Amino acid sequence: MDEGLVAIVTAGVGLVGGLGGAAMGGLAAVRGARMGAETTARATIEQARAQERAQHDHWLRDERKRAAVLMLEAYDRFTIAASNVTRMFDLEIEASPDVWAAYATSMNEIRRAYFPLRLVGPARVHQAARVLWQLIEEYNEGIKEWADGIVTATDETRVGWQAREEQQRPALGRAHSDLINAASESLQGNDSAPRPN
C-alpha cells in the first residue's frame, strides 16, 4: 500500500474519529446543559412555592391575630356593658337608654367578631371562641328575660335572675381565658391549618 494512501486513510480515520468524538462531546454538553437547566428550573419552582407558602403562612398568622384581637376587644366591651345593664337592673345606677344601647351594640360586636374566627382560626381557637360565643348568647337570653319581666317581677324572680347571672360570670371568664390561651398558642405556631366550620 502506498504511503500516501495510508496517510490519507489514517487521516480519514482520525478525522472520522475526531468528528465522532466532537459530536459525542457536543451531545454530552447539550445533554449536560439541558439537565442543568431542568435542575435550575425545578429549584426555581420549588423556591417560588416555598416563598408562596411562607407568604401565605404570614398572611394567615396576621389574619388569625386580627380576628382574635377583634373578639377579645369585643368581649371586653361586652363585659363592661353587661355589668352596667345588671347594675341598672339592680338599681345601682340610673336607668338609661344609653346603657341598654351600649349593651346591644356590644352583643352585635361579639357576633361580628366571632365569625372571622370561624374562617381563619385553627380548630382549637375556633372551639374556644364557639364556647365563649355560646355562653355569651346564653347570658344574653337571661338579660333579655330579665329586661322583659323587670316591671312585673317578684322579689323572688329578681333574686333568681341575679343568681343565674352570677353563676354565668365564672364560666364566661374561663371561656375567655381559654380563648386567650388558644389564640396565643396558635400565634406561636402550635396549631395546624384552619377549620372552616
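Residues are numbered from 1 along each chain as its sequence is written. Because the model is predicted, local features need pLDDT of at least 70 and side-chain atom pairs count only at pLDDT 80 or more, while totals for chains, interfaces and linings use all residues, and side-chain values use heavy atoms, with hydrogens and water left out.

The protein chain contains four helices and zero strands, where helices (H or I, at least four residues) and strands (E, at least two) are DSSP runs numbered from the N terminus. Along the sequence, the pattern is α-α-α-α. Of the 197 residues of the protein chain, 27% count as buried, a term that stands for under 20% relative accessible area, with exposed meaning over 50% and partly exposed in between (1.4 Å probe, protein chains only). Among the contacts (heavy atoms within 4.5 Å) with a separation of 6 or more, 74% are made by residues 24 or more positions apart.

The axes of helix α2 (residues 97-120) and α3 come within 10 Å and cross at roughly 160 degrees; axes are lines fitted to C-alpha atoms, for helices over the stretch in contact, and angles run from 0 to 180 degrees between N-to-C directions. The two helices α2 and α3 are therefore roughly antiparallel to each other, given that angles over 145 degrees count as roughly antiparallel, under 35 as roughly parallel, 65 to 115 as roughly perpendicular and the rest as oblique. The crossing of α2 and α3 is left-handed, which is to say that the near helix is turned anticlockwise from the far one by less than a right angle, whereas clockwise would be right-handed. Residues in this contact include W100, Y103, M107 and R111 of α2, together with W133, I136, Y139 and N140 of α3. By class, the contact of α2 with α3 has 14 nonpolar, two polar and four charged residues, where Ala, Val, Leu, Ile, Met, Phe, Trp, Tyr, Cys and Pro count as nonpolar, Asp, Glu, Lys and Arg as charged, and the others, Gly among them, as polar.

Helices α3 and α4 also pack at an angle of about 160 degrees, with their axes 8 Å apart, which makes α3 roughly antiparallel to α4. Their crossing is left-handed, and the residues of this contact divide into 16 nonpolar, seven polar and eight charged.

The largest nonpolar core has 37 residues, and those with the most contacts inside it are M71, F78, Y103 and L179; such a core is a set of buried Ala, Val, Leu, Ile, Met, Phe, Trp, Tyr and Cys residues joined through side-chain atoms within 4.5 Å. Helices α1 (3-89), α2, α3 and α4 (155-187) each supply at least two residues of this core, with α1 giving the most, at 13 residues. Leaving aside residues up to four places away in sequence, Y103 touches F78, A81, A82, V85, Y139, N140 and I143.

N140, found in helix α3 (residues 123-149), counts as buried because its relative accessibility is 5%, and beyond its neighbours within four places in sequence N140 is in contact with Y103, M107 and R111. In helix α1 lies Y75, which is buried with a relative accessible area of 8%; not counting residues up to four places away in sequence, Y75 touches I110, L132, I136, L172, G173 and H176.
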